[in-house]
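Open the model in your viewer and keep the selection tool at hand.

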Amino acid sequence: MSGTAPNGGETGGAARLLASARERLSVAAADLALPGPLRLTEWQLSTVSTLLETLVRNVEDELRAALAIRLAANEQVHAALTSAHVPIALPILDGSESLSEPSLVAALIRRAEEHRLQRASASDGGLLLELSGDEDEEVAGEAMALLVGQSARLDRFQEPVMARTELGAEAQHMLVWTLAAALRLYLVERQNVAEPEADQAVAGAAAGLLAGYDEGERVDSVALRLASRLALRGRLDDSLLARSMAEGNLPLFLAALSVRSGIDADSVWEIFSAPGGEGAALVLRAAAVAHDQAASILLRLDPERVEKGIDRFDSVDEAEARGLLSLWQADPAYRTAIARLRQ
């Protein structure tokens, strides 16, 4: 039986593409080191592991500082919580799957890939520097905000870091409450704090952290506002897309593709992350990117699979590509259910 649908696309093509992208995240989330064609590279594994460890440590420090204030009357507990050299939550969670939430793993892999592209470009961020001096004050303001936000995502050794406030709401809530649960276990089982007292202190500390979160301040949100303003002014062209990729500016690149394709930026990244380069080619076609610029982007993204990507780009027109990607316009829970059935 043929796998070709009447419109020339492969039967179940969108579902297969979705499942492929999700499977890679599932493999990464399960062990971050399993063998097979979907395995992370050694560099990705190392970078993601370091990002996660640092992120967990920083969020734990925030929670511990808040708990130390709430439990200040208990000198022993206060001393343990303020001991900076003794990790608490990570050893409790080590070996469990508590931190394997796909939304968190996806964010970490995306941050690692962003850093790889930046490193490969050796760019000084010329595009954002130019836009931050733009005559249009709104464009200049968003570009400057994006420039500042991105500069804060590198440590003093120019290695990538990721603050919890850079996570989406789902991933951040999961992370904070998971670490809160680990600290609750520590307080109750190792410090003999009464359960009601521990629950009140831990829940209050976690809720306090989350209350100060503004998703609109994320780098991805700023990038989307900048891309939207450029689109309104007719300036979100192929050259800007190609240049943002060439400079390794993944947030702006994904935001620009999101605006042009009508697919949200997180979904654009999910499609791009599907192995083989098919997803990237379809999004570029759906965004009406010209052949030469698309080829340049695909080459920068994955030199080893650029020919396959270009072939896929040439095999569909814009309407067909949008049709194949229409699944990403549906409810995320629906997509998750489809991906699980395909895995």
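Helices here are DSSP runs of H or I with at least four residues, numbered from the N terminus. The model is a predicted one.

Start with helix α17, residues 318-324. Select Glu-318 and Arg-322: they form a salt bridge, with the closest N and O atoms 3.3 Å apart. The two are four residues apart in α17, and therefore about one helical turn separates them. Glu-318 is partly exposed at 33% relative accessibility, and Arg-322 is partly exposed at 35%.

Next, select Arg-110 and Asp-220, a salt bridge with its closest N and O atoms 3.2 Å apart. Arg-110 sits in helix α5 (residues 102-121) and Asp-220 in helix α10 (residues 219-232), so the bridge ties together parts 110 residues apart in sequence. Arg-110 is buried, at 9% relative accessible area; Asp-220 is buried too, at 16%.

Stay on α10 and select Arg-229, which pairs with Glu-142 of helix α7 (residues 137-151) across 87 residues of sequence. Arg-229 is partly exposed at 24%, whereas Glu-142 is buried at 10%.

Finally, show helices α11 (residues 238-246) and α12 (residues 250-261), whose axes come within 8 Å and cross at roughly 150 degrees. Angles over 145 degrees count as roughly antiparallel, and the two helices are therefore roughly antiparallel. At the contact, select Asp-238, Leu-241, Ser-244 and Met-245 in α11, which meet residues of α12 including Leu-252, Phe-253 and Arg-260.

Note on methods
Residues numbered from 1 in each chain as written. Predicted model: local features only at pLDDT ≥ 70, side-chain atom pairs only at ≥ 80, totals over all residues. Heavy atoms only, no water. Axes fitted to C-alpha atoms, helices over the stretch in contact; angles between N-to-C directions. Parallel < 35°, antiparallel > 145°, perpendicular 65-115°, else oblique. Contact = heavy atoms within 4.5 Å. Salt bridge = Lys/Arg side-chain N within 4 Å of Asp/Glu carboxyl O. Buried < 20%, exposed > 50% of the residue type's maximum accessible area, 1.4 Å probe, protein only.
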